[in-house]
Amino acid sequence: MSKVYETVIGLEVHVELATKTKIFCGCSTAFGGAPNTHTCPVCTGMPGSLPVLNKEVVNKAIAVGLATNCTITRNCKFDRKNYFYPDNPQNYQISQLYYPICRDGKVEIEVDGKKKYIGIHEIHMEEDAGKLIHDAYTDSSLVDFNRSGVPLIEIVSEPDMRSADEVLAYLDKLRTTIQYLGASDCKLNEGSMRADVNLSIREVGAEEYGTRTEMKNLNSFKAIARAIENERERQIDLLEAGKEVVQETRRWDDTKEYSYAMRSKEDAQDYRYFPDPDLVPIVISDEWLEEIRSKQPEFREEKKARYQEEYGLPEYDADILTGTKKLADIFEETIALNANPKKVSNWLMVETMRLLKEKEMEPEDITFSAANLAKLIQLTDDQAINSTVAKEVFEKIFAEDIDPAQYVEEKGLKTVNDEGALRATIEQVIADNPQSVADYRNGKEKAIGFLVGQTMKAMKGKANPGMVNQILKELL
Amino acid sequence: MDLNLTAVELGKKIKNKEISVVEAASAYLDSIEAKEKEINAFVTIDREGALKRAEEVQGLIDAGKVTGPLAGVPVAIKDNMCIDGMLTTCSSKILSNFKPAFTATAVEKLQAAGAVIVGKTNMDEFAMGSTTETSFYGETKNPWDLTRVPGGSSGGSAAAVAAEEVPYALGSDTGGSIRQPAGFCGVTGMKPTYGRVSRYGLIAYGSSLDQIGPIAKDVTDCAAILEAISGKDDKDSTSVKEAGDDFMAALTDDVKGLRIGIPRDYFGEGLDAEVKAAVMAAAKVLEEKGAEVEEFDLSLVEYAIPAYYIIASAEASSNLERFDGVKYGYRTAEFTDLHNMYKKTRSEGFGPEVKRRIMLGSFVLSSGYFDAYYMKALRTKALIKQAFDRAFEKYDVILGPVAPTTALKLGESLSDPIKMYLGDVYTVSVNLAGLPGISLPCGYDSNGLPIGLQLLARHFDEKSIIRASYAFEQSREYKRPAFAVERGL
Amino acid sequence: MQITDETIKYVGILAKLELSDEEKEQAKKDMSNMLQYVGKLNELDTEGVEPMSHTFSVHNVFREDVVTNGDERDNMLKNAPEQKEGAYKVPKTFE
């Protein structure tokens, strides 16, 4: 009889903090500059340069720690992690090993209606490395230090997850929490959130953990799910064949859907951590903690409950709207401009979601403003445009954030409420469609729909549908 | 022009228009030219830049824009401090082509005070050594005896001042690297409290121990220089603003009531008899001037060197990782791949002593040995600091020798590293405890070689050291090495 | 403590140093002697003593989160042994 296995998963999640400057120097963290244009002696490891800590990094790390129920280390320090690699300008990374800023936290996740806590072992602050670009022409590598020194936190979970679904729920929880804090935009595809998966297999009921591997290069939720499934099978196959799992770091190739061991005889995994003598301890007082605590935002769960209670939204809608900070922000900003919450929700839930899906975008990629959505809702409330036109205008807002009032004016999309003009058009439609008129008069109520459609078509969709119906019935 | 002037004396003459800044710079540059073949105190001599700068500074002085005591006075900078655009080598092949993109804060402060930099001085490679023999640019010789070492690692700075190639210089001190060469060369050198002077731009050896300080002819100069270079720097997290930084105010010939302790444990086995006699005689002078002098047991003296070499080597192994042939400095000519490039670059670029310490440092930090060596050393450091704290409850100043002997013969210590390390017995504990210390000449042995006296004080109490050493200095005459007199212009 | 060939090789990998056979022998000797010498610390009872990194009590030294640096690329790159298109050029590096 074959054995029953259990997958044990722990995550190391790196999150780039949304600060203006790097962790140890005054260089910009802005994305997309030409190589090495955001560098200075500190983040290129020039001899004689020294790090000075960006306070905002500590603030954000504490905020994430509090939001994930961690204990904040009141006296924390930085250590050096020594390893040679060209993207690491000093050949040591400034990180935290002995006194990480947060420890012993937990977050609640829900999978298939079942709630569960995932423990957080620690959160530490560290600097990001630069980027290596392969130069095919010379078959060499080019080093860009623009990302070198960008602040990161690494969130290390306990090995509490048992399935890919739990992993995704945990990641989603971390992502929304951190986005709500404004501590990071957490985009996996752009690398501002990166997850390494530690996975091992054991027989159900076993107390000891199996040998684990660490999987790197996971750039999307889908890749994570695939890699977990693949690694689980790989390890089970090894065990079933009487072989041993080797503790190693593996790299996931999502296009080929397989992983391979990252090994080099030139590297020993011995980082020789020791306290960085160039930096002084961080002492976190009660006042400091209180200040950050008092500025913590309303998180997803609280927001979701409030949306249901305050705006009468269904749970499903409240769940989607609070699923990303971006959507919740637009929702609240639009309401703040006196738009009806249910109507705002409707635009976000239906048209926005449809367009996101169609264009393969994430809610974080939304660029339209609350102001223009509010104006659009106002235009429909005023019956200045009908719903067909409104949808068309919204697509423009979604794509280019245009001012709907101006757009409607310029394109002449305003609903025609002029009874005389409508009556004239309808009379023409009746005259042109004697069969439908006859059908209607013979009791085929549905025939009026065709006549409404013809009228709208003749009016280029701008007719006030209520008035069209009313006048048609009257004339028939 | 009299090259035997102190920096402050020369500054006065410049201020009084007795000597122009260009004249002063030229005189010292000529002196360097005349003596370098024999002394080799410099890695880089910047005649052109110095003369141009001298004219500029003269203008600033004439316009009343620079008024300090060092305005217009030439200076040499140890070659481990970065100067924008000027070759900065740490006396290593691996940095033999390196021109920094910024200037060290301490050097910037001197420039703001009107200093004219004439060049960069030789040193033990990456400040690792006590003789200046490990330099890629050849050894520096002691102006008192050209067959002897000048001490190290700031041997170039100390020899340049003693040889009157320059009125003063900056050095750096990680385990005695200012005080010991000052002692060997018969000049005055000061290691400030850790944190007093910014380390920004100082190419690190042991970051928790390194400190920049002055090497000059007398205590007055040291006080004036320290006043110019000290202070909190936003670029160095470990630099601080502490009271008691009006160092020149402590230049008083008055030690009445000053409590001076002499550690008995500094006068045991290994200390040269002539050195001992000279140091004890200095104590006597201070006692006669009204200080309360007393012997005591400091304890833990023999543990300072082991703890120091573990901590300094560990930090150095990490600090020197950045020299890899990628961003700056030497890169090996041929290589097969990345790691081969790293290894060849570093193996060809570093000298034997640096490699020795990198290997030791990497080992003591490696998995399985970290606690036994590195953490043990940090605990020992705490105990040593406590021993000093206890001593400073009773004494304002601790007095002792700088080194067990006077300057050694060239080549004598290179063959046996540990023997060389033992020469640091009186200096390294000061760095471990982060204390300020001074070294000044207190006599000459039967070979005519200078003997150094070391005075220590509490954290940020440089003024007590300055007060005691200034008082002592009033009772002795500054001697010039025959070499400087003979080769003088 | 006696240093073996393996240890020297291992430390060479960590420190990225390639020693000749002669140097290796010397390093073995030097390191053995040095470790024996620093082993003197074991005479000391340091039980309960907090390891001391810094000798003074300075803490919480921060910068504000304000961009102070402009584009310094050329100044940073001017010392690079090899560069291309504004980047540091290194031998091919595999991930």
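## A strand pairing in chain B

Let's start with one pair of residues: K191(B) stands opposite G437(B), which sits in strand β10(B). A strand here is a DSSP run of E with at least two residues, a helix is a DSSP run of H or I with at least four, and both are numbered from the N terminus. This is a predicted model, where local features need pLDDT of at least 70, side-chain atom pairs count only at pLDDT 80 or more, and totals for chains, interfaces and linings use all residues. Residues are numbered from 1 along each chain as its sequence is written, while chains are lettered from A and ligands numbered from 1 in the order in which they are written.

So which strands are involved? Strand β5(B), residues 188-191, pairs with β10(B) in the antiparallel sense over three bridges; two strands count as paired if DSSP finds at least two bridges between them. The hairpin of β10(B) and β11(B) has five residues between the strands, and G448(B) takes a positive phi near 80 degrees.

Strand β10(B) covers residues 437-444, and seven of its eight residues are buried. "Buried" means that 20 or more other C-beta atoms lie within 10 Å of the residue's own; 12 or fewer makes a residue exposed, in between is partly exposed, and the C-beta atoms are placed from the backbone.

## Chain B as a whole

Zooming out, chain B has 16 helices and 11 strands. Its C-alpha trace spans about 65 × 55 × 45 Å along the principal axes, and 69% of its 489 residues count as buried.

How does the radius of gyration of chain B fit with a compact globule? A compact globule with 489 residues would have a radius near 23 Å, and chain B has 21 Å, which agrees. (This radius is taken over C-alpha atoms, and the globule rule is 2.2 Å times the number of residues to the power 0.38.) Sequence distance is worth a look too: among contacts in chain B between residues at least 6 apart in sequence, 77% join residues at least 24 apart. A contact means two C-beta atoms, placed from the backbone, within 7 Å.

## The nonpolar cores

In soluble globular proteins, nonpolar side chains tend to be buried together. A nonpolar core is defined as a set of buried Ala, Val, Leu, Ile, Met, Phe, Trp, Tyr and Cys residues joined through C-beta atoms within 7 Å. The largest one here has 264 residues, and V75(B) and V116(B) touch the most other members. Helix α9(B), residues 301-319, gives the largest share of this core, 11 residues. A second, separate core has 28 residues, including I320(A), F331(A), F394(A) and F398(A).

What does V116(B) touch? Leaving aside neighbours within four places in sequence, its contacts include V21(B), A25(B), A50(B), V57(B) and V75(B).

Chain A has an open sheet of three strands in the order β6-β5-β16, with antiparallel pairing. The edge strands, each pairing on one side only, are β6(A) at 92-95 and β16(A) at 274-275. Strand β5(A), residues 79-82, pairs with β16(A) over two bridges, and the bridge partner of D79(A) is P275(A).

Chain C has three helices and three strands, following the pattern α-α-β-α-β-β along the sequence. Its radius of gyration is 23 Å, well over the 12 Å that the globule rule gives for 95 residues, so chain C is more spread out than a compact globule. Buried residues make up 29% of chain C.

Chain C touches chain B with 37 residues, which are in contact with 54 residues of chain B. The largest share of that side of chain C, seven residues, comes from α2(C). It divides into 24 nonpolar, eight polar and five charged residues. Ala, Val, Leu, Ile, Met, Phe, Trp, Tyr, Cys and Pro count as nonpolar, Asp, Glu, Lys and Arg as charged, and the others, Gly among them, as polar.

Towards chain A, 34 residues of chain C are in contact with 41 residues of chain A. Strand β3(C) gives the most to this side, with five residues, and the classes here are 14 nonpolar, eight polar and 12 charged. The two chains also share strand pairing: two bridges join β2(A), residues 53-54, to β1(C), and these run parallel. There, L53(A) stands opposite F62(C).
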